[in-house]
Amino acid sequence: MSVPPLRKLGELDPGDFADFFALLAARDAGTTRDGKPYYRLAFRDAARSATAMIWHDSEWYADCDSAWKPGDFFKIRGRYIENKFGSQIELEQLRGVTGDDAKAGFDPGEFFAASRFNPQQMFDELVALAEQHILDVPLRTLAIGILRTHRDVLLLLPGATRNHHAFRGGFLEHVLSVTRTAVYLVDKYREAYPQLDPPLSKNLVVAGAILHDIGKVRELDPDHTGAHYTPEGRLVGHILLGRDIVRDGAREVEGIDPEMLLRLEHIIVAHQNLPEWGSPVSPHTPEALLVHYADDIDAKFEMMVGALGEKPLAGDPFSSKNNPLRRRIFRGLTPPE
């Protein structure tokens, strides 16, 4: 068999057979129904993640069991396929990357997906939005203080480990977008319902948008795969961790109104709306409702953009169903030029 071309995992179409470099992002052990061990590996580059299986009788099983670890780079020869289980790699050859691979174009920096936007600029804009729109001084002090306390982590933190904004700087990209939308929504509905009693609080909507996901600074730990869950992240989750961060921060702020703090905590614990999505309660205030929908639309729109960004199959007007929305997204009847 002739040597296949050297390509990028993220550029392969289903059925393509090629050589490519990949980062081992995850290595999960399992056992078949008849008790035989195996490993499920997740390989990725900046554009795509795909699964490969290492069975107990594979020539690579012993090395995988004893030596391979997430963060290692490999050169792979195999076929890329898509099926009901998602993106898969049928392995033919596999070895660890060596120093000589740089001559063939291997660059470890290409394997880390990152936000299109500058993290420091996004952080600065988020602080500026707080300064502009949170007129209650203690609440503004709380929001900006929490941001600045966690600045170094926020510059790296993804928005999630998967599904949406799962790349470096994704947290800031998502939260900044949510906050911009929240500013628009609160201005719109304050104008539409001036008689609302109590009045719709722009202070709370903007502070809640900025801090709704802040628990992720303790839920997730940025690493070579994007991020992994901390023990408290798995056992408690970012919603309650976020409330704890806000409560702890409020103890250091003089003059914060107790009811305003309660309403801010409610925005954080209710922002995912449903128990199956992680919230113990649904939104019970207008401010919490606006933050929930600002958050929800931003996450889902990024999922749809990601699905449309996958390479289309020739002649197929729809995307693959293998996306976080679990639906085929309509591209159009006319193929792109």
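I began at K69, which is partly exposed with a relative accessible area of 48%. Its side chain meets that of D72 in a salt bridge, 3.3 Å from N to O. A reminder to myself: this is a predicted model.

Next I looked up the salt bridges across the whole structure, and the search finds 18. R7 and D16 form one of them, with 2.9 Å from N to O. I noted R7 as partly exposed at 26% relative accessibility, while D16 counts as buried at 19%, because the cut-off is under 20%.

Then I turned to E173 and R116, whose closest N and O atoms are 3.4 Å apart in a salt bridge. E173 sits in helix α5 and R116 in the loop between β6 and α2, so this pair ties together parts 57 residues apart in sequence. E173 is buried at 11% relative accessibility, whereas R116 is exposed at 69%. I also found a salt-bridge network linking E259, R263 and E287.

The axes of α5 (residues 170-192) and α6 (residues 202-211) come within 8 Å and cross at roughly 165°, so I logged the two helices as roughly antiparallel. The crossing of α5 past α6 is right-handed. On the α5 side I listed contact residues including V175, V178, A182 and R190; on the α6 side, K202, V205 and I210 are among them. The residues of this contact divide into nine nonpolar, one polar and three charged.

My last stop was D101, in the loop between β6 (86-96) and α2 (119-133). D101 counts as buried at 4% relative accessibility. Leaving aside neighbours within four places in sequence, I found D101 in contact with F21, K75, R95, G96 and F106.

Terms used
Residues numbered from 1 in each chain as written. Predicted model: local features only at pLDDT ≥ 70, side-chain atom pairs only at ≥ 80, totals over all residues. Heavy atoms only, no water. Axes fitted to C-alpha atoms, helices over the stretch in contact; angles between N-to-C directions. Helix = DSSP H or I, 4+ residues; strand = E, 2+ residues; numbered from the N terminus. Parallel < 35°, antiparallel > 145°, perpendicular 65-115°, else oblique. Left-handed = near helix turned anticlockwise from the far one by under 90°. Contact = heavy atoms within 4.5 Å. Nonpolar A, V, L, I, M, F, W, Y, C, P; charged D, E, K, R; others polar. Buried < 20%, exposed > 50% of the residue type's maximum accessible area, 1.4 Å probe, protein only. Salt bridge = Lys/Arg side-chain N within 4 Å of Asp/Glu carboxyl O.
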